[in-house]
Amino acid sequence: MAAELTSATAPDVPVAVPDDEPAPEVTTETRALRSVQDALAKPPVVKAARAMSLFGEHAGGWLAIGAIGAVADRPRRAEWLTAAAGVAAAHAASIAVKRVVRRRRPGDPGVRVLVGTPSKLSFPSSHATSTTAAAVLYGGLTGKKLTPVLVPPMMVSRLVLGVHYPSDVVAGSALGGAVALGVRRFMTRRRNRA
């Protein structure tokens, strides 16, 4: 496994394909993905990225934090539950977009896939979507700026693991932010009515 994590990949090496098929094009995004892996995919980073992947799978870790907040902060239980529902909605939105767009995960031979995934669909990153939604919504409840602390590491982790293109994580983060802002407006209106 150590060899798998530290093996170097040659940039833009042509792939042998049958004569009747054109060689796959190496895109700018594939080059960027290879560069991130070459720079960062060292065993300790990969281990941390895999842990983040597990935590963010199906938004499970973020939903658990919302449930803990609802139990621990009884006066704002409804707000924590609404925020957790917002995280779930953002995750569901990312799955819906994935099924419409149907972009395949990176398949370039120069990209190492270092974690399993529940589907072969790539755009947008559901991990980036739910993490951004959680950072915005839970940050609003805690009064802490969670977005710069939580979102970039999750986005980069998806590239390190070779399961998303850069545009997947950017789009996922934008989608999560949009859903979270809509949920925050709803929460503010509801609070003002009470």
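Mentor: Ala, Val, Leu, Ile, Met, Phe, Trp, Tyr, Cys and Pro count as nonpolar, Asp, Glu, Lys and Arg as charged, and the others, including Gly, as polar. The model is predicted, so local features need pLDDT of at least 70 and side-chain atom pairs pLDDT 80 or more, while totals for chains, interfaces and linings use all residues. Residues are numbered from 1 along each chain as its sequence is written, and side-chain values use heavy atoms, without hydrogens and water.

Trainee: How do the residues of the lining of the largest pocket divide?

Mentor: A pocket is an open set of points on a 1 Å grid over the protein atoms alone where a 1.4 Å probe fits, with protein on both sides within 12 Å along at least five of seven lines; lining residues have an atom within 4 Å of a point. Here the lining of the largest pocket holds 3 nonpolar, 8 polar and 5 charged residues. The 16 lining residues include Ile95, Lys98, Pro118, Ser119 and Ser126, which lie nearest the centre of the pocket.

Trainee: Which helix supplies the largest share of the lining?

Mentor: Helices (H or I, at least four residues) and strands (E, at least two) are DSSP runs numbered from the N terminus. H5 gives the largest share of the lining, 4 residues. Helix H5 spans 77-101 and helix H6 spans 126-142; each supplies at least two lining residues. The whole protein chain has 8 helices and 0 strands.

Trainee: How much of the protein chain is buried?

Mentor: Buried means under 20% relative accessible area, exposed over 50%, and partly exposed in between (1.4 Å probe, protein chains only). In this protein chain of 194 residues, 41% count as buried.

Trainee: How many aromatic pairs are there?

Mentor: A pair of aromatic rings is described by the distance of the centres and the angle of the planes. Rings of Phe, Tyr and Trp (its six-membered ring) pair if their centres lie within 6.5 Å; planes under 30 degrees apart are stacked, over 60 edge-to-face, the rest tilted. The count here is 2 aromatic pairs. Phe55 and Trp62 are edge-to-face, at 4.8 Å centre to centre with 90° between the planes. Phe55 is partly exposed at 33% relative accessible area, whereas Trp62 is buried at 7%. The ring centres of Trp80 and Tyr138 are 5.4 Å apart and the planes at 40°, so that pair is tilted.

Trainee: Where do Trp80 and Tyr138 lie?

Mentor: Trp80 is in helix H5 and Tyr138 in helix H6, so the pair ties together parts 58 residues apart in sequence. Trp80 is buried, with a relative accessible area of 7%, and Tyr138 is buried at 3%.
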